[in-house]
There are 2 protein chains.
Amino acid sequence: MALKHAVLAALLDGEYSGYQLAKAFDVGVANFWHALPQQLYTELAKLETEGLISGRQVIQETRPNKRLFQVTDEGLAELERFAAAASKPSFIRDDLLVKVQAVDRIDAAPVIEQLEERARVAAAKAEVFTQLLARLRGGLDEAEFLARGARLGPYLTCLRGLGFERETRDWCERIAGVLRERSRVHP
Amino acid sequence: MALKHAVLAALLDGEYSGYQLAKAFDVGVANFWHALPQQLYTELAKLETEGLISGRQVIQETRPNKRLFQVTDEGLAELERFAAAASKPSFIRDDLLVKVQAVDRIDAAPVIEQLEERARVAAAKAEVFTQLLARLRGGLDEAEFLARGARLGPYLTCLRGLGFERETRDWCERIAGVLRERSRVHP
DNA sequence: TATGATTAGTCATATTCTTGAGTATGGGAA
DNA sequence: TTCCCATACTCAAGAATATGACTAATCATA
């Protein structure tokens, strides 16, 4: 019951096709959730039969036709209900953490490499989020935007994404350093 | 193929029963993964038939009997393989973020409440992690422990957990403040 | 002396997420 | 002009995860 509301929330920004949504959810630019195209198409079909979104066909000359979706009043009401209900806390669930947990019983070298790679990826995502935030702010500075800006939601989730990626980057760099140092001393 | 390695990594700390593991994974004290008891019992049975862990019955007088598990050499080799293979980046996937994404189209009040509640939960978890870290360090200070301590893995994943919970707490508090202020101005 | 919590598990079902393979067209680079 | 990439979407099957309902004993609390 979760992807459902993520899709509804994503469609609040305007009309999107399944393909467009899929790209956003795949990269995680819709940085509050992640899903694959197949899931999204299925979910969109379900939401439409439930009347929570409505789609309209757009005939294109040069490209395959597409369907654009928007949230209906019923969809908005469903989001409203969802937001008012409690939700359980989220957990980190990350292969890399499992590897680090085991690191003093196995070969550290590949783990160090993966930490460094992950730090690079996180830094790149942080950069993307920083630029996206600047774009969402328009001309205003942050305090101004938070006080009076329109479409606050995406900005706030993007802030979370930025914080998360920075934390990830810092932790990965630090831990890689610690492990590198230890494997230098105890080869 | 993920819980499997999380269980193997958790069992590196010593012998545990399914029940003990379940509690750790449920609270997320094994803060690098989360799973429900049913999943763990199933996984332990599978791991045992695969020869990656071995269990021994412990007869108890006052309590139901239990089985304690430990990682076999084969299990360690499997972890080794797992750690050397690449793994894809992790994504945040959080109901609360979906609600925040939608917050300027729906009633903000329940979302603010949930942000404040989540901030409290995150602060409490951060506190638990801080104490756990102190216990793991023993007498040493952090730099000393990271350079020369034993059983580094759990310490490092706990550091990640601490960073994550602090980030969560700060973001929730900040966003709750922003939304409270806005709903005060635009009631 | 009931009541509920804790220990220690099991079984079945349902939902969600991932993997892999396709269809079809147009545009740009080699 | 061939080949790959982007757009736009579909179908099927499998693995992982979550939900709900059970058994059965002991221990603490009200």
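1. Does A:Arg151 count as buried, partly exposed or exposed? With 13 C-beta neighbours inside 10 Å, A:Arg151 counts as partly exposed. The cut-offs are 20 or more other C-beta atoms within 10 Å for buried, 12 or fewer for exposed, and partly exposed in between, with C-beta atoms placed from the backbone. B:Arg151 has 12 such neighbours inside 10 Å and therefore counts as exposed.

2. This is a predicted model, in which local features need pLDDT of at least 70, side-chain atom pairs count only at pLDDT 80 or more, and totals for chains, interfaces and linings use all residues. Residues are numbered from 1 along each chain as its sequence is written, while chains are lettered from A and ligands numbered from 1 in the order in which they are written.

3. A:Arg151 is in the loop between helix H7 (142-148) and H8 of chain A, and its phi is near 50°, a positive value in a residue other than glycine. B:Arg151 lies in the loop between H7 and H8 of chain B and has a positive phi of about 50°. Most residues other than glycine have a negative phi. Helices (H or I, at least four residues) and strands (E, at least two) are DSSP runs, numbered from the N terminus.

4. Helix H6 of chain A (residues 109-137) has 29 residues and should span 42 Å at 1.5 Å a residue; its end C-alpha atoms are 42 Å apart, which agrees. The expected span is 1.5 Å times one less than the number of residues. Buried residues of H6(A) include A:Val111, A:Leu115 and A:Phe129. Their cover includes helix H5 (95-101) and helix H8 (152-185) of chain A, and helix H4 (73-84) of chain B. Just after H6(A), A:Gly138 has a positive phi of about 65°.

5. In all, 58 residues of chain B are in contact with 58 residues of chain A, where contact requires C-beta atoms, placed from the backbone, within 7 Å. H8(B) gives the most to this side of chain B, with 15 residues. Chain B can be laid on chain A with an RMSD of 0.1 Å by a turn of 180° and a shift of 0.0 Å along the axis. The two copies are thus related as by a two-fold rotation axis. Superposition is by least squares on C-alpha atoms of residues with pLDDT of at least 70 in both copies.

Note on methods:
Contact = placed C-beta atoms within 7 Å.
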